[in-house]
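Notebook open, model loaded. I want to look up what packs against what in here.

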Amino acid sequence: MIKGGMSPGLKQFLRFALVGGVGTLAQYAVLFVGADVLGWRPDLASGLGYLLGSVVNYLLNYHFTFASSKSHLEAASKFYVIAGSGWLLNTGLMWLLATQLVWPHWWAQLLVTGICLFWNFAGSKLWAFRHQPAAGR
């Protein structure tokens, strides 16, 4: 903890969660329209929404959360490995919880969103947007 304020890591996590909230709104809108309006399976609607949210999340995380100086080729390729594994986690857990265990899909999605938040933050911070220390330090 830094005197008089939050630690830089906590600030970064809160920015990540804020950005993730924007992507989550996109995902939840697709889940609502897909599952509640059109009658799609919740895992499919959630998975499609996750893909849409990942585009929003990449751009905001690159510029706002991590202020990355990496090329988009490097940062995006790493980010989408993390996002792809997060998509598998999201869609797989939604399939298990909402389709197989017959949980209400909104309860399942809330739990899965929390799990994916920590998964995606760890992968983004530790790998996709990780700043390399300057040589000689």
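For contacts I count heavy atoms within 4.5 Å. I keep in mind that this is a predicted model.

Entry: Asn120. I found Asn120 in helix α4. Is Asn120 buried or exposed? It comes out buried, because its relative accessible area is 14% and the cut-off for buried is under 20%. Next I looked up its partners, skipping neighbours within four places in sequence: Asn120 touches Phe16, Tyr50, Ile82 and Gly86. Two of those names, Ile82 and Gly86, turn up again in my list of buried α3 residues.

Entry: α3. I listed the buried residues of this helix: Ala75, Ala76, Lys78, Phe79, Ile82, Ala83, Gly86, Asn90, Thr91, Met94, Leu97 and Ala98. What do the buried residues of α3 pack against? I get α1, α2 and α4. Just after α3, I noted that Val102 has a positive phi, about 55°.

Entry: α3 with α4. I looked up the geometry of this pair and got an angle of about 160°, with the axes 9 Å apart. The two helices are therefore roughly antiparallel to each other, since the cut-off for that is over 145 degrees. The α3/α4 crossing is right-handed. I also sorted the residues in the contact of α3 with α4 by class, which gave 17 nonpolar, eight polar and one charged.

Entry: the cores. Which residues make up the largest nonpolar core? I count twelve: Phe13, Phe16, Tyr58, Tyr62, Phe66, Ala75, Ala76, Phe79, Ala83, Phe121, Ala128 and Phe129. At least two residues of this core come from each of α1 (8-37), α2 (42-65), α3 (72-100) and α4 (105-128). The largest share is from α3, with four residues. Apart from this core I found another, of seven residues, including Met94, Leu97, Ala98 and Cys116. A reminder to myself: nonpolar side chains tend to be buried together in soluble globular proteins.

Entry: Phe13. Phe13 is in contact with Leu117, Phe118 and Phe121.

Entry: Val33. I placed Val33 in helix α1. Val33 counts as partly exposed because its relative accessibility is 40%. I then looked up how far Val33 is from Ala45, twelve residues apart along the chain: their C-alpha atoms are separated by 8.1 Å.

How values were computed: Residues are numbered from 1 along each chain as its sequence is written. This is a predicted model: local features need pLDDT of at least 70, side-chain atom pairs count only at pLDDT 80 or more; totals for chains, interfaces and linings use all residues. Side-chain values use heavy atoms; hydrogens and water are left out. A nonpolar core is a set of buried Ala, Val, Leu, Ile, Met, Phe, Trp, Tyr and Cys residues joined through side-chain atoms within 4.5 Å. Buried means under 20% relative accessible area, exposed over 50%, partly exposed in between (1.4 Å probe, protein chains only). Axes are lines fitted to C-alpha atoms, for helices over the stretch in contact, and angles run from 0 to 180 degrees between N-to-C directions. Angles under 35 degrees count as roughly parallel, over 145 as roughly antiparallel, 65 to 115 as roughly perpendicular and the rest as oblique. A crossing is left-handed if the near helix is turned anticlockwise from the far one by less than a right angle, and right-handed if clockwise. Ala, Val, Leu, Ile, Met, Phe, Trp, Tyr, Cys and Pro count as nonpolar, Asp, Glu, Lys and Arg as charged, and the others, Gly among them, as polar.
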